[in-house]
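This report concerns a predicted model.

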Amino acid sequence: MALPQPNQTATEERLTSLTMPDAGCTRKAREAALSRVREMGLPGRRDEYWKYTRPDTLVSAEAPPAAVFHNDEPMLFSEFDRLKIVFVDGVFSPDASDELELEGVKIDRLEDICCKDIHWAKELYGVLEARGQKPVQRPLAALNTAFATDGVAIHVTGKPSKPISLIYRHESETSDAILHHIVRVETDAEVTILENGPAASRFNKCMEIDIADGGTLHHIRAQGRDHQRRAATHMFTRMGSEAVYKSFTLTVNGVLTRNEQVVELTGDDAVAHVSGACVGDGDFHHDDTVFITHDAVNCESRQVFKKVLRNGATGVFQGKILVKEGAQKTDGYQISQSLLLDDDSQFLAKPELEIYADDVACSHGSTSGAIDETALFYLRSRGVPTEDATDMLTLAFLAEAVEEIEDEDLADVIVSRLKDWLARRR
Amino acid sequence: MAALDQTQVKEGVDQETVDAVREVGTYKYGWDTDIEMEYAPKGVNPDIVRLISEKNEEPEWMTEWRLAAFERWTKIDEPTWAMVHYPKIDFQDQYYYARPKSMEVKPKSLDEVDPKLLATYEKLGIPLKEQMILAGVEGAENMPAEGRKVAVDAVFDSVSVGTTFQEELKKAGVIFCSISEAIKEHPDLVKKYLGTVVPVSDNFYATLNSAVFSDGSFVYVPPGVRCPMELSTYFRINAENTGQFERTLIIADKGSYVSYLEGCTAPQRDTAQLHAAVVEIIVEEDAEVKYSTVQNWFPGDENGKGGIYNFVTKRADCRGDRSKVMWTQVETGSAVTWKYPSCILRGDDSQGEFYSIAITNNMQQADTGTKMVHLGKNTKSRIVSKGISAGKAQNTYRGLVSMHPKAKNSRNYTQCDSLLIGDKCGAHTVPYIEVRNNSSRVEHEATTSKVDDDQLFYCRQRGMDEEEAVALVVNGFCKDVLQALPMEFAMEAQQLVAISLEGSVG
């Protein structure tokens, strides 16, 4: 089917503003991705998958400028022992980064994977993204594969002693960054990947994760506080037998965020947990779009998303569990909840199930409402001032999502950030 | 039913459920009536639209209305978003108008109607006699006479055959007749309300219906009147290659009440047939409308041959404050179902309810659900949907709950459960939830374990184990839905009561 004219025009405009890096061995994958973009067209307002989020500023040729937000708060995770990989406005900064040496893991820059002839990387780059284009199209991810200017290839073969921390600094008001990371976790290997920072005025990030049988990946992300930043991120994860993938995202501020998670459970007994907490105030639009495919027996998936919204903020959740024929004994769970702190904010949700196997337990729930007056009254009757009580109940509401983080120290850091946010908004 | 017999049923789904679904899968209404028919030429174009209008002896404004709809229809595309797949429909390879020859001159009373037609309805269990006892309803003779009256409007292919109890209803001030009659006899009412709930350009099928609808039912209940009996329309498709396009318009004026039932069947044929209906309901202040459907169109054979393509637009507009509408549907037929009975809750304190049991078997596909659009303050809605899928069938719940910024203090509760019997079928849920104010509460759930804790506690206190207690509460609830149906439909639907909801998925 031919593309609608507006989509085609917008797509061509965007493409003329980009140049494909001279990328050697990823060239083929990039060219294939480019033809996917041309075929699909970049998302437009009328696309069903973008029903609740306007994609225009994410696809425009020029990135809308975003002021750099200065604050004296230390960067998140700074008190943790970790291997730092720093990108400034989407460009790798060797000076700010640690040596990319750590036992049990091999880290290379994307542009080096060819000269070092790293086979696994060539076989992964753009592959999971291409798989993830069906049944729903994700043109921004294909655009990323074609034009990514930087990124890392992380090969986990053992159990590194500390987390790998990707830090995204935002310094230029007009930066438009496209990063693409690939991660391969080998059999029984285990790694924790941290991501934080606002990254750029406009950030398009794609991460492809391939977890072999028995491998484990923990992912904790905090998207930076710059008010005017925009981000479209994709995580494509393929999981083997008994693989474990746990991902949590904290979002505070940001005028527009669209986080897509595409998880495919291809081996039996795999476990995938995807969760997120977001707090938005004012000009804030946050969209979590999750697509989990069960294609093996006895797998478990969980989606837990909580959103606190005020002063006209908008929260979006589009979640889907697809259980393919034969994926028996699937345990799928999905919950999306919003707490609307005032009458101007809104929550838009589309929690979907598509099930082709009969011996499964899948459930989903979605709720939206204000702070529970009875609970508030209870706390006040015990002498807690209204503002404190509201904060307590808000934190309690978010707790279910934060509890998805296994590492208690990391969870504590997230909770303290949420407390700070509440305190600032008094 | 071979497909179901060979199916490995997983533990936890009891035999009763399987049998009940199997029973539903054998189509009892597949015979046809051999009767001389009169057809309009095949296909649809402005001339056919004019012809239908002419056959119904319609005034000029109605013809124009239809032609405008047709003009619009040629400009819109068939929707493809539903999870249903079927070969492309050739809209020019259908008859849009078919009526029994004997109906050429409209019979003045039921006595004059062709006995063959009466026999058809008799055989379907819908006697077109103003009799007190409903055929096939055991124990009905013990009920008080007033409680068992049902007025029936019978639609056969493109025309209404007759309407019973018209005189008695007239005494109460209720108008119940075919829509073709209403256009002639009550043009002001029709003009005022037709197309105000489902506009001409609403969607592909509704627009087509607006252009070519041949008949249907019309109900007007005046202010303060409680309709003295149940009203019902029975749709029968008989002719081959013929689409049925009926239009129903129900107006419940201030403080009135009416319960309306709809039933439908069709003969067993190898080729698929099209059915595209529009139902519009207007509910004024303090009025209440109950609309119940047992949809039992021919579902096609086990290989997916034949069956009815059922594309229906049903919508109720709760215009007045404290108005109330309730949709109850038992969907067992049709090869393809595309149907979303909706409520627009415009008046403050208005209420909308949607209860649905959708059963698909063999190659059937159903994409059904509801839309609850909350516009007024303190509006309430409840959605309960049970989907059961067997054989190679696909069953989708698709719904929208929308709380507008002005719909303060509104409530919605949604529960959709699905049950799969066999591993070749599918069950899907596609809910859209839009909350635009914070004083409203929206809850969407898809789990069977969520029965009322108090009731559970009560049962357990009396010595039942947890499972028994849950079964009792869930079955009790299911019965409530079915009992909301009128008696003659309850008979048909009763076989479904045995279906337990154990082993459900959300």
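In which sense do E19(A) and strand E23 of chain B pair, and over how many bridges? They pair in the antiparallel sense over 6 bridges, where pairing requires that DSSP finds at least two bridges between two strands. Strands (E, at least two residues) and helices (H or I, at least four) are DSSP runs numbered from the N terminus. E23(B) covers residues 426-435, and within it B:Glu434 stands opposite A:Leu348.

Residues are numbered from 1 along each chain as its sequence is written, and chains are lettered from A and ligands numbered from 1 in the order in which they are written. Because the model is predicted, local features need pLDDT of at least 70 and side-chain atom pairs count only at pLDDT 80 or more, whereas totals for chains, interfaces and linings use all residues.

**The contact between the chains**

Chain A contributes 32 residues to the contact and chain B 29 residues; two residues are in contact if their C-beta atoms, placed from the backbone, lie within 7 Å. On the chain A side, strands E19 (346-355) and E20 (361-369) each supply at least two residues. E19(A) gives the most, with 10 residues.

**Strand E19 of chain A**

E19(A) is largely enclosed by the rest of the structure, because 10 of its 10 residues are buried. A residue is buried if 20 or more other C-beta atoms lie within 10 Å of its own, exposed if 12 or fewer, and partly exposed in between, with C-beta atoms placed from the backbone. A:Gln346, A:Leu348, A:Lys350, A:Glu352 and A:Glu354 point one way, and A:Phe347, A:Ala349, A:Pro351, A:Leu353 and A:Ile355 point the other way. In a regular strand the side chains alternate between the two faces of the sheet. The bridge partner of A:Lys320 in E19(A) is A:Glu352.

| Strand paired with E19(A) | Sense | Bridges |
|---|---|---|
| E23(B), residues 426-435 | antiparallel | 6 bridges |
| E17(A), residues 314-323 | parallel | 10 bridges |

Leaving aside neighbours within four places in sequence, B:Ile281 is in contact with residues including B:Val197, B:Ile250 and B:Tyr291.

B:Ile76 lies in the loop between helix H4 (60-73) and strand E2 (98-100) of chain B. B:Ile76 is exposed, with 12 other C-beta atoms within 10 Å. Not counting residues up to four places away in sequence, B:Ile76 touches B:Phe204 and B:Thr207.
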